[in-house]
Amino acid sequence: MKKILQGKIFLVLMLVSSFAFAQERRVTGKVTSSDDNAPLPGVNVLVKGTTEGTITDVNGGYSLSVPSGSNVLVFSFVGFTTQEVQIGGRAVVDVQLGTDVTQLSEVVVNGYTTQDKRTLTGSVSSVKGEVFQNLPIQSVDRGIQGRLAGVQIASASGAPGAALTVRVRGYGSINASNDPLWIIDGVQMSRFGQTTQGSSNPLASINPNDIENVEVLKDAASAAIYGAQAANGVIIVTTKKGKKGRTNLDISVQKGAVQPLNLYEVMDGKQFAQIKEQSYINAGLPLTGATGAYAVFGNPSDGNLTNFSWRDAIFRTGQLASYDISMSGGDEKTNFLLSMSYQKQEGQIVMSDWQRGTTRLNITHRPTQKLTIGANLSLAYQRTFGAITNGNFVNGPFQAAFTAQPTSTAYNDDGTFRNPYPASGSGHLFGYNIVQGVNEEVRLGRVPQTVSSFNLSYEILPGLNINGFAGVDASFGTDNNQRPGTIPVFAGGQMAVTSRRTIAYNANSTLTYSKKFGEIHSISGVMGFEYRKEERGGVTASQFTYPNPALRLLSSGATARPASEFFFDNARQGVFGQVKYALKDRYIVDATVRRDGSSRFGSNNRYGTFYAGSVAYRISEESFMDSFTFIDDLKFKVGYGRVGNSEIADYDWYTAYGSPAAGATGIPAGAQYLGGSILRLTRLGNDLIGWEGEDQFNAGVDFALFSGRITGSFEYYNNVTNSLLFDVPLPTDSGLGQVRGNSGEVLNRGFDIELGGTVLDVSGFKWRINGNYGRVHNELLSLPNGQTRIGNSLIVGQPIAFHYLLDFAGVNPANGKTMIWDKNGNLAYRGTQDDLAVRATALPKYFGGLSNNFSYKGLNLELFFQYQGGNKAFNGDFYNLYTAGSSANNQLVSQLNYWKQPGDITNVPRPYQGGVIDGFDQLQGNFGSTQFLSDASYIRLKQVTLSYNLPTSIVSKAKMAKASVFVQGLNLWTYTKFAGIDPEVVSNNNGTGVSSYGVYPVGKQFMAGVTIGF
Amino acid sequence: MKKLFIISTLTVLFTACSLDTEDLASLSPGQALDNTAGVQSAVLSAYRRLHEFDLYGQQAMLHGDALADNIEIVNRTGRYEQEVVNGVGTFANRWAVAYRAINDANFVLKYLPLLNINQVPTSTLLTAQQVLNQLEGEAKFVRALAYSELLRVYAYEPGKEVNGFNLGVILRDTPTETVTNADNRARSTNLECYQFVEQDLLSAINLLITPTQQTTASLWPSALGAITSPFRANKAAAHALLARVYLYWGRYADADTQATTALSLLPTATPVAAGSYAASWSATTHPESIFEIEIRATDWSGVDGANNSLSSITTNLASGFQYVAAGSVELLAAHETGDVRATVFVNTAATLNKPQVRKWPGEKGGGVENIPVLRRSEMILIQAESRARQNNDSGAQTAISILRGARGLAATSLTGSQLINLIMNERRVELAFEGHRWFDLKRNGLDITKTTASGVNTLPYTDFRILQQIPNDQVLLNPSLQQNPGY
C-alpha cells in the first residue's frame, strides 16, 4: 500500500514537472530599497497566481522560473510596500521597493502577545524609536511628546532628567494616580522617582536611543488585558533587538548648549528703590531713619546706588554632550544588541547638572526550533545635581533670582559672599544669599537602576506556546543634601543623607495560541497568570555642627539628629484571558477578561474583574470595494470595556496608629515630647475601599488611501470613571483631614485624529506631514453622598481642575486700589466667598503635534510643532513679582506702570507698603483673583533637525557603512499668551495645573553631532 | 529535560505569590493603646501638638499682640503685616491644630479606662490608679487648653455677645477612629463650651499630682520616663488654667479662688524679683512657669529656627533671623519709669532703632527655647483684676502691688476704674509678646486700640473682625458649621 502511494505521488510530480519544463522562462533581477538604493536581501518574490517563488539573496538578487501565461511578479518584504510588476518581454526585472508608510503591516505588541495591526480592534497609537533617535532628551516620555493622538504630555519640570506628566485621554482620577502604566520590555515600571534632590523620572534610566518602538494602549479593548492598572492607559516600550546578518557598529557623538527661556524682566536698583520710596510715602512710613525706605531699599536719587542682577548671577547657558555606541547582529540561532551611552547636561542654574551612563544587552537565543529564550538587561547610573523648585521657597533659585533686591550685591568687595544678605541688614529672604546658596548647597542624587527581564517560550504544538516572563525594575539611590556652615542660616553646617531603594518585579506565565484555518478562519488567544510586587524603603540620617565646611560625612558632625526610616510595599496578582477570531481577515471579534487582586484593599474587596469586547470590520476586503481602487485599507471598529485603577497609597484601607512620619505636619524625624516617644492616629482607614473602575467606549475608523500616500484614523471615546478612589474630606474638627473612599464619577469624552500625507514626492524631493489632534471634555459627574461640591476645589458639572477665583476688575482710577466684580456685578474692594466662581479650566482641552519632514537625496529636515490649549494657568510667581512694590521683593519691570494719580488706567495698584489698604489686601490674597490668571495655550516648535547622510560612495571609501551629520534644536520658538515663563510647566499642583510657583521651565537646546556606522 | 526545566520555572512563578504586606509603621489604635506606655505616648502627642508653629510655638504667642497695639513691624516679610492692620482672614490654621490635640486627648480618655490595672507600672510613691489618674488628668488638661484657645479666637465670651451671636465651637469628647465618628457637627453655644472646659479642669484638678509631688525624686514609674515639672501638667496648672477660663467667662469670684489655689500649691507663690526679671527670660525654664511646653532641637527641621521660631520673628540675634516684630512705641510708653520690664526691650542701632523684645532669645540655641504658657504673674494679675471687678479694691491693690513690687514699681492705692485701668495696663506690660493683649480687650468688650505706626484706626468691639474667620473650606464642607458673622 505504502509503495503504491509513493508511486502515485512520483507520477504526479513527474507530470507537473514535465509540464513545467515545457513552458517556463527564467527571469532574474535585483531588488533595492528606494530610500538608499541598498540591496534588499530576503525579499519574497512570487509569480502571481502560482506557488512559484523565491527569496532574494544577500545582494538583493533573485532568479526564478515563470510559467507561461503568468506575467506578474509580486515583491513583498516586511516594512516595505508590496509591489506587483509586469514582466512583459523582459528577462531582467530590477525593482525598487519603497518603505511602507502605511505601516499597516506592523505588528502590535500588547505585552503578552503580538497582533497584526490590520486586524486590531482596539485603539493603539505608536511611535517608532527613530523619531526621537539622537534627540538631546533624557527619557522616552519627552521623545513621544506631541507624537501620539490622545496622549497629552507636558514637562513637570524643565530640569534635565526631570519628570513629565503623561495623560492618556484625559484625567480619570481625582486622588488616585492618573499616570499610565509604563511597561519596558515587559517590566511594569515603578511610578516612584528615585531622588528628591531634583525632579526625577523613573524612565530616565532607559536610553531613548535604545528604543525600537513605543505603543500606547488607549482603550479598554486594547488595555483590558492589564485590567487593574489599565484605566490610565498602558504605554509599552520595546527596546531594539539585533538582526540576523552582519554585525553593525554605530557610533554617535553630539554636543550642544541649553539656554533659559523667556525669564522674567525684573527691576534694576534705581527702579526698585523708586517704587519702594513711593510705597513708603503712600503708606505714611518714614523714608529716612534706620527702618526708613532709604536705609532698607536705597535712595533712588543716589547716584551710587547699587545695581546687581541676581538673575544673571544664577542663570547660565549650560553645556550638553552625548555619546552613544551600539553593536548588534545575529545568526540563525542568536541575535544580540549591546549598547552603551553617556550623557551630560548642565542645567540653566549654575552648578546644577544631570549625567547618565547606560549599558544594555538584549539577547535572544533559540537552542532548538521550539524553544526561544531571551534576556533584556539594562544598567544605568544617573547623577543629578538638582535645584530647589516648585514652591515659594526663598532658597529656591526660581523664586529668589527674581525677588532678591537689586540694591544689594551677592558679593562683598573682596569677592566673598555677602552675609547676611541684603546689605541693609533687613533680613529679606530670611537673610539667605541665593547666589551663595546655589553655589554652595549640594543637592545630589545618585541612582543606579536596572530594568531587566528574562523570558522563554516553548512551542508545545504548532501555534500553541507556553511562555514565562520575569522582570525587575530596581533602583538604589543615595541623596546628599549638604548645607555647609558657610551659609549662615545653616549655622555650623547641616548634612543629610538618604538611602533609598525601590524594587518592583513582575512575573507571568502564559499560554498563547494562534492558528489560521485555511484562508477563512483565524483564531488567536492568550491566557495567563501574573504577579507583581513592589517594595520601597529608605533611611534618612543627618548631622549638624561641622568643624569645617569641606568635611561633609555624617561622621564629622557633632550634633546628632534623629534618623528616620520608611517602608512601603504592595502586591498584585491576576489571571487573564483574551481570544480573537477573524473571518476572512474581514470580520474580527475580540474579547478580554482579567481578574486582579491588590493588597491595597481590605480582604472583602481585594479582587475586581475587568473586561472588554470589541469588533472590527475591514470593509476594504469586501469585493464590492474593488472598484474603489484608491482605498488601500478601510476599517471600522468599536469596543467597550471596564478597566481599573488602584494607584493609591499602600495601606489606606486600615486605620493606623503610630509615630508621626517624618515630614508630617510640624514634625521632623524622631517625634518626641520630654524625651518620651509619641503615638497618634496617623491615618483613618476604610476597609470598604475597592477598585476604581473606568468604563471605556471607543469607536473609530482607520484608513490608508492612494497607495499609502494618505493614512489616518479617527476615534471617538467616552470614558466614565466611577467608584473613584477619593480622598473624602472630613471636617478637621474630627482631628483628621480626610479618609479614602470609593465614590464619585468623572467623564472624559473626546476624539483623537491622526492624519499623515505625502504632500510632494517629485524627483527625489519628498515632503510628508504627520499630524495629530486630540480633544477631551473632562467633567465631574458626581461626588460622595450626593454632594454637589467639595469646598472650592471640586464642583459637579465642572472639570476636575479649575480656577475658582474672584473676578479682577482692575484698579480704581480714582484711588489706585484694586477692585473685583462682586456676585451682583458691582465693583468692590474686597471679595467674599460668594463672589468666587469658576473662571477657567486648568486642564488642556486640546493637544497634539504636527511634523513636517522634507527629504532630498541624503538631506533631511524635520520641523516638529507641539501644542496644547484651552486651559488657563494661575501664575503664583506674581504674588512675589506683581505687587506694585508693596513687599520687600524685587518686582517685574512692568510694575512701574503703577497707579500714580486719579484718572490713571492701569492694572497695577497704588504702591502701598504691606499691600493692605484699609484692611483690604490689594492682591485679594485671601481668595485670589483672575488678575494672575492667563491663557496657557501654546504652540511650540519643539524640534528642528537637519541631517545629511553622506553618499555611499564617500562613506564606503572610509570603510564605513553609513555616516551622517546633523544639527538640531529643541523648544526654539513658542507662541502663547501665557503671562509667565513657560506655559508647558504650569502643573506643580498635583499635576492638575491649578497653579505654578517657582517652577523650573524648559530650556532652549541646540545640538550638533555625527553618527557613523560600520 | 527542557520541558521539565520550563515547567518547573513556571511553577515557581505561580507559587511565590501572596498579597500580604508588611506595614512596619503602624498598629491599630487598640493595639497601640493596650498598655500604659502606649497611652502615655498618646498624652505626649497631645503636648507635642501644643508647640506647633500655628499654636504656642509661634502664632498663639504673637497674634494677640499684633492684632492689637503691642507690635510694630520691623522687617516687612509679609508676616504679621496683615494682623497689624487687621486684614481679613488671619488665623488660618489655629482651628485644625487645636482639634488634632483634642483628638489625641480623646483617644487617651477612651482607651485609658480599658487598661488592665494589674499591668500598669507603679512606683514606691504612686499606685497604679494614681498613675492612671495623672495620665487622665493630663489628657483633660490639654483638651481644656486647646478648647480655651479655640474659644477665645472664634467665639464671644458668654455675656459679651454682639447681636446675640452666642456660638462657641464644635465639641468632641470621643476619638475619631472611624469615618462615622467624623460626622458633621454644629457649634455648641459659647456657654456650653465654657461648661465643658470647666468640667474637664475640675476633673483634672482631682486627678493630677501636686507640684510638690512632681518634683519628688522617683515619683513617676521609671518604665514611663520623665514627668519633669513644669513640662507636664500638675494640679496647680489645672487650677491656673481654670482661673484664666473663669476670668474670660466673667466669673470673677471663681477666677480669684482658682488663681489663689494655684499659687498656694506652688513651692513659691511670688513673682521673680525685680533684679532677676530680665534674666528670667533667658533661663531655660522660666522660673515663674506653672506650665511650660518643652521644645528640643530635634523637634525642628534644620531651618525652623530661622523660618519659624519666636526668636527669629522677634529678634535678629542670629544670622537669618527675620526680626519682623518689635514692641510698639505705645507699648514702651505703657511702662512706668523704673519698670524693670522695660529692660527686656533693647533699642540700639543693631536693633534698627526699634525696641526689640528679649523675651524670646532662643536660649537653647538655633532659636529653640521652651514656651511658658501659664505663669505665676498671670495668676496674680487674675487675682487683682477679678477682685477689682468685684469692687474689692483693697484685695486688688494687695495683689497688684505684689507684682508691681517685683517689677520695680511702687504699690498702688488707686481705686475703682482707675485701679482697673492700672491692672489692665499691668497685664499689657507683663504679658506682652505672650499673645494676651487682643483677648484682654475683647473679653471686656473693649474697642481694639491700634498703634500710630499701623496706620489704621481703632477697631470697634462691634466690628466683625473681633471674631476670626472659621476656615472657609470647613464651612463649605460641613453644612452644620455656621461661619462667624461678616465673613
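Before we start clicking, one term: two residues are in contact if their C-beta atoms, placed from the backbone, lie within 7 Å. Keep in mind, too, that you are looking at a predicted model.

**Stop 1: a helix pair in chain B.** Select residues 235–249 of chain B, which is helix 10, along with residues 376–389 of chain B, which is helix 16. Their axes come within 10 Å and cross at roughly 35°. The crossing of these two helices of chain B is left-handed. Now show side chains: on helix 10 of chain B, pick A240(B), A243(B), R244(B) and L247(B), and facing them on helix 16 you'll find M379(B), I382(B), E385(B) and S386(B). Colour that contact by type and you get 5 nonpolar, 1 polar and 2 charged residues.

**Stop 2: another pair in chain B.** Next, select helix 6 (residues 94–111) and helix 7 (residues 128–154) of chain B. Here the axes come within 9 Å and cross at roughly 160°. Angles over 145 degrees count as roughly antiparallel, so that is how helix 6 and helix 7 of chain B run relative to each other. Helix 6 of chain B passes helix 7 of chain B in a left-handed crossing. The contact between helix 6 and helix 7 of chain B has 13 nonpolar, no polar and 4 charged residues.

**Stop 3: where the chains meet.** Keep helix 6 of chain B in view and bring in chain A. How many residues of chain B are in contact with chain A? The count is 89 residues of chain B, against 85 residues of chain A. Helix 6 of chain B supplies at least two residues of the side that touches chain A, and so do other elements of chain B, including helix 1 (2–15), helix 3 (36–50) and strand 1 (26–27). On that side of chain B, 37 residues are nonpolar, 36 polar and 16 charged.

**Stop 4: chain A as a whole.** Now hide chain B. Chain A has 10 helices and 57 strands. Its C-alpha trace spans about 120 × 65 × 65 Å along the principal axes. A compact globule of 1014 residues would have a radius of gyration near 31 Å, and chain A agrees with that at 32 Å. Buried residues make up 50% of chain A. Finally, among contacts in chain A between residues at least 6 apart in sequence, 70% join residues at least 24 apart.

Key: Residues are numbered from 1 along each chain as its sequence is written. Chains are lettered from A and ligands numbered from 1 in the order in which they are written. This is a predicted model: local features need pLDDT of at least 70, side-chain atom pairs count only at pLDDT 80 or more; totals for chains, interfaces and linings use all residues. Axes are lines fitted to C-alpha atoms, for helices over the stretch in contact, and angles run from 0 to 180 degrees between N-to-C directions. Helices (H or I, at least four residues) and strands (E, at least two) are DSSP runs, numbered from the N terminus. Angles under 35 degrees count as roughly parallel, over 145 as roughly antiparallel, 65 to 115 as roughly perpendicular and the rest as oblique. A crossing is left-handed if the near helix is turned anticlockwise from the far one by less than a right angle, and right-handed if clockwise. Ala, Val, Leu, Ile, Met, Phe, Trp, Tyr, Cys and Pro count as nonpolar, Asp, Glu, Lys and Arg as charged, and the others, Gly among them, as polar. The radius of gyration is taken over C-alpha atoms; the globule rule is 2.2 Å times the number of residues to the power 0.38. A residue is buried if 20 or more other C-beta atoms lie within 10 Å of its own, exposed if 12 or fewer, and partly exposed in between; C-beta atoms are placed from the backbone.
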